[in-house]
Amino acid sequence: MALLDIKNLTVEFDTAGGTLRAVDGVSLSVTEREVLAIVGESGSGKSVSMLAVMGLLPWTAKVTADSITFLGRDILNLPPAERRRIVGKDMAMIFQEPVASLNPCFTVGFQIDETLKMHTDLNNRQRRDRTVELFEAVGLPNASDRLGAFPHQMSGGQCQRVMIAMAIACNPKLLIADEPTTALDVTIQRQILDLLVSIQAEKGMGMIMITHDMGVVAETADRVVVQYKGRKMEEADVLSLFENPKSAYTRALLAALPENATGDRLPTMVDFSLDDAPYTGARP
Amino acid sequence: MSEIVLETRGITRDYHIGGGLFGAGRTINALKGIDLTLEKGKTLAIVGESGCGKSTLARIITMIDAPTSGELLIDGAKVDITKKRLDSEMRRKVQIVFQNPYGSLNPRQKIGDVLMEPLIINENVPEAERRERAMAMLTKVGLQPEHFNRYPHMFSGGQRQRIAIARALMLNPRLLVLDEPVSALDLSVQAQVLNLLADLQDEFGLTFVFISHDLSVVRYIADEVMVMYFGEAVEYGTRDEVFQNPQHDYTKTLFAATPRADVESIRKRLAAKAA
Amino acid sequence: MATTNTKDPNAAVGLEGGTVIAVTRRARLAEFWYYFSQNRGAVIGLYIFAAIVVIAVLAPLIAPHSPSVQNRGAFLLPPAWETAGSWSFILGTDAVGRDLLSRLIYGARFSLFIGVVVVSVAVSVGIIVGLVAGYFRGAIDTVIMRMMDIILAFPSLLLALVLVAILGPGLVNAMIAIALVQQPHYVRLTRAAVMGEKGREYVTAARVAGASNLRLMFKTILPNCTAPLIVQAALSFSTAILDAAALGFLGMGAQPPTPEWGTMLAEAREFILRAWWVVTFPGLAILITVLAINLMGDGLRDALDPKLKRS
């Protein structure tokens, strides 16, 4: 059964320079125990569509869709606040900047406690035990001592672990990770990706991994949606995407990876005759 | 043996932290004795994670900061900015391109002025010639003459990085220090900028110090590679030596951690998952 | 970020690939006006302020009487709409028979003059001192900032009074005193902005290109620090008018018979109970002017501070 099912989602922003269509008719669905990667460059609308589902867009955004269902419930026509309340428990999100996502004024233990207080009816004692348990699950050493730490006392990787702990606190059915490792070092990125994948498998969650990094896609995804300028260019399972990309855009993206370079220059978008390729400059 | 453009001998850099009213301050050794030599026309990539000292080294090579000890030689001449103010002859030999294309251009300066500023400061050339040279450089990096009178906020990240590269090249430097020049860019734009850098290196015989955390980019662009870890150069050699036969544990960890985007490793992962 | 200067709420979406928007100077002005006009109060303030400027400039043409001529037959005449009033003296006359309306109109000239002089002196001194402190840091910064702390530690009006007492009463000395009292605010603002900008990469890039300290300070850094200074200048314009009026009221500013609003209030003090209009109208003039300028300052802040720009 599909956890989240989006049909023909369009998001538009009213700007002084006219209407800007950030997401243009995207349909996608993710099922239980599945990792779906949404890959695209900046401006592809990959984050915007998920923010729209969570009801986190500013008021200038106009969201239309044929349907958005989560766990078989229609969430498209709910007001954003109510949607967040319903969605908040079973759908969790982690963001790119782990240090900025945590409130610097409170200890990390307190912040997780808040989440538990909001969504569960555990008592003080149980919430504390649960927090320690969560910290251990995300691989934070000395979990019980860590509860009193402030975000600035932790490294970026540790803050991201706290964010993951907070996200899985209520055993969500779906975890949305928006560029979760982009701000982290390579060795830390590896740890966080491993952690996310193992938690996902262990809990049987669905996961949506939003990223621009083909390496991250290759390391985590089961199925991949490629977006470009708000449109879905291609949807395929991960192996066939890398083995046999269908759309010209995906081929161009893969060719632009330096590790796939064959000559002494990298192929760019112009070499793939994309009708609306980004600006390329005067290459000979 | 071709000419050596850059040489450092035992460069260290210490930072003193704290030492306020109570208690003595701490000393942090950001660089612990870096030795390197770089020939003309080659690219040295310096790899490392945040806090390893690679940007500190970049600032020392660019003669922005002085090392605590050790020697810096540019074109065989010793440089010590603490003793003597740099003359423009030395100044122009090394230029830098920064990571963040949004912070490295003055928001109140038109592109033309950005490019002409180095000439105004360092050379006594007439206005018309300045304009002509700036215009030529602008087209060289793949922008149009009509961009000359625009402000930085009208450009995309990739275009800004081209402008930053053009500015660095206005003084015909010998050595270009590139501090994570493509890590803020999209994949397709990254490819364009890397190609541009390769073109410029061929045309002007430039020497690059390329600082990066992205091993796939480094493997693509570098002739020599230095891996830094907590202020030390734990690995230093030609690209093939370092990538095919890493000696230090940290280098091995780093290689193992880099995500692989090839079909083989995806197959392996999926097989492991199914099992 | 990429789009601080375009009215694009989608900065987070960050369109890569080069949708180059040709923004001319006029378009930027239009954008400034867009944000400024979002704030209704600011627009009202602007209109009132513009009206005051026009009145001040055209004072000799508009004023029905000379501000210093004493009309023997009309001491303490009430405003026109009161029973004893006369339409030739619309707002009435003061104790020596001078037309109140004309004096207020001419008074606008003094108030604006005070505002302009005080703000320009305070701004130019404050910017230079703040630039030096923020750029060089170290001992020179400590010395400057401690001096500014000392000035700020005094109640501003009291310090201005002391200065005027030393320099001698008079409009020029009052302006010097007020400028001196206000200048620490500019020093602090400039210093904070300079310290923020100095670490930016474009400044380092200019230094690598060989730019001298003076060039870095005035050509590279200063133009990027102007927005908060403009807002502060607008707001302290009104403070200057207020302080000058207060000094005038205390007999330390403009001296009678100058038709300065604060001085007029001081002269009218003894008639508060007998003739309400001689105190009310100068007081209202000060109130309206200061309020208009403050409203305008708020609008400027909305329009110039990118952090406050709504999406």
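In which sense do strand β3 (residues 43–47) of chain B and β9(B) pair, and over how many bridges? The points below start there; note that the model is predicted.

1. Pairing of β3(B) and β9(B). The two strands run in the parallel sense and are joined over four bridges. Within this pairing, L44(B) lies opposite E224(B) of β9(B).

2. The other partner of β9(B). Strand β10 (residues 232–238) of chain B pairs with β9(B) in the antiparallel sense, over six bridges. One of the residues involved is V225(B), whose bridge partner in β10(B) is G237(B). A hairpin is formed by β9(B) and β10(B), with two residues between them. In the turn, F230(B) has a positive phi of about 50 degrees.

3. Burial of β9(B). This strand covers residues 224–229 of chain B, and five of its six residues are buried. β9(B) can therefore be called mostly covered, with buried taken as under 20% relative accessible area.

4. Extent of the contact between the chains. Chain A contributes 39 residues and chain B contributes 37 residues. About 3500 Å² is buried between chain B and chain A, and carbon and sulfur atoms give 55% of that area.

5. Polar links across the contact. Four salt bridges are counted between chain B and chain A. Among them is the one between the side chains of R267(B) and E243(A), at 2.2 Å from N to O. There are also 20 residue pairs in polar contact between chain B and chain A, counting pairs with both residues at pLDDT 80 or more.

6. The side of chain B that touches chain A. The elements that give two or more residues to this side are α5 (157–169), α6 (187–204), α7 (215–221), α9 (249–257) and α10 (263–274) of chain B. Of these, α6(B) gives the most, with 10 residues. By type, the residues on this side of chain B divide into 15 nonpolar, 13 polar and nine charged.

7. Is Q227(A) buried or exposed? Q227(A) counts as buried because its relative accessibility is 0%. Q227(A) sits in strand β10 (residues 223–228) of chain A. Its side chain reaches the backbone oxygen of S44(A) at 2.8 Å. Leaving aside residues up to four places away in sequence, Q227(A) touches residues including V26(A), I38(A), V39(A), G40(A), S44(A), K46(A), M233(A) and Y249(A).

Conventions: Residues numbered from 1 in each chain as written. Chains lettered and ligands numbered in written order. Predicted model: local features only at pLDDT ≥ 70, side-chain atom pairs only at ≥ 80, totals over all residues. Heavy atoms only, no water. Contact = heavy atoms within 4.5 Å. Buried area = accessible area lost by both parts, 1.4 Å probe. Polar contact = N/O pair within 3.5 Å; in protein donor to acceptor, adjacent residues only side chain to side chain. Nonpolar A, V, L, I, M, F, W, Y, C, P; charged D, E, K, R; others polar. Buried < 20%, exposed > 50% of the residue type's maximum accessible area, 1.4 Å probe, protein only. Pairing = 2+ DSSP bridges.
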